[in-house]
Amino acid sequence: MIARERIGQLGDGDPALRRALGFSASELIVLYAGNMGEKQDLEGLAAVAARLVDRREIRFVPCGAGAVRERLQRLVAGLPNVTLLPLQPRDRLNELLSLAADRELPRLDEKLYLEAFAQPAKKVSGASRRKAS
């Protein structure tokens, strides 16, 4: 069970945090915060950011760590409307989330969850021993 004191409402965003991250007060922040893995389709986020590169009022902020972070970094290199942030400390998470106009959090539908995680132990164990290509 989650302790009652750990539950709170997100605010409207800390102006000091916005400034510290280099975001203007008028920018709409589209935030992805979480694991940067294969199943999150962060390439899709990069593609949308590239298509909206001329919309200076929209800033995409992928934040986190994981297997596809370096690939994402290459995909968004040179896009002025993208700020790639590292994994943030837990005590800064609510502040970060409160900046976002669109809080994009990872979601797995049931079928995807089962495909990803309901694997026989031998199959998962064998896959973990394969060399990355």
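## Arginine 59 and its partners

The side chains of arginine 59 and threonine 83 are joined by a polar contact of 2.8 Å. A polar contact here is a pair of N or O atoms within 3.5 Å; within protein, one must be able to donate a hydrogen and the other to accept it, and residues adjacent in sequence count only if both atoms are side-chain atoms. A polar contact of 2.9 Å links the side chains of arginine 59 and glutamate 27. This is a predicted model: local features need pLDDT of at least 70, side-chain atom pairs count only at pLDDT 80 or more, and totals for chains, interfaces and linings use all residues. Residues are numbered from 1 along each chain as its sequence is written, and side-chain values use heavy atoms, with hydrogens and water left out.

Arginine 59 sits in strand E2, residues 58–65. Helices (H or I, at least four residues) and strands (E, at least two) are DSSP runs, numbered from the N terminus. Arginine 59 is buried, at a relative accessible area of 12%. Buried means under 20% relative accessible area, exposed over 50%, and partly exposed in between (1.4 Å probe, protein chains only). Neighbours within four places in sequence aside, arginine 59 is in contact with Phe23, Glu27, Leu28, Ile29, Val30, Pro80, Asn81, Val82 and Thr83. Contact means heavy atoms within 4.5 Å.

## Chain overview

The protein chain has 6 helices and 3 strands. Along the sequence they follow the pattern α-β-α-β-α-α-β-α-α. Of its 133 residues, 29% count as buried. Take the contacts between residues at least 6 apart in sequence: 70% join residues at least 24 apart.

## Helix H2

Helix H2 spans residues 42–51, and Leu42, Leu45, Ala46 and Ala49 are buried in it. Seen down the axis of H2, these buried residues fall within an arc of 100°, so they line one face of the helix. The arc is that of the directions from the helix axis to the C-beta atoms. The buried residues of H2 pack against strand E1 (28–35), E2 and helix H3 (69–76).

## Helix H3

In H3, the buried residues are Arg69, Leu72 and Val76. Down the axis of H3 they fall within an arc of 60°, so they line one face of the helix. Glu70 and Arg74 are exposed on the other side of H3. The cover over the buried residues of H3 includes H2 and E2. Glycine 78 follows H3, and its phi is positive, near 90°.

## The H2–H3 pair

H2 and H3 pack at an angle of about 10°, with their axes 10 Å apart. That makes H2 roughly parallel to H3. Axes are lines fitted to C-alpha atoms, for helices over the stretch in contact, and angles run from 0 to 180 degrees between N-to-C directions. Angles under 35 degrees count as roughly parallel, over 145 as roughly antiparallel, 65 to 115 as roughly perpendicular and the rest as oblique.

Leu42, Glu43 and Ala46 of H2 make the contact with Arg71, Leu72, Leu75 and Val76 of H3.

## The loop between E1 and H2

Lysine 39 is in the loop between E1 and H2. Lysine 39 counts as partly exposed, at 46% relative accessibility. Its C-alpha atom is separated by 9.7 Å from that of valine 68, 29 residues apart along the chain.

Aspartate 41 also has its place in the loop between E1 and H2. Phi of aspartate 41 is near 50°, a positive value in a residue other than glycine. Most residues other than glycine have a negative phi.
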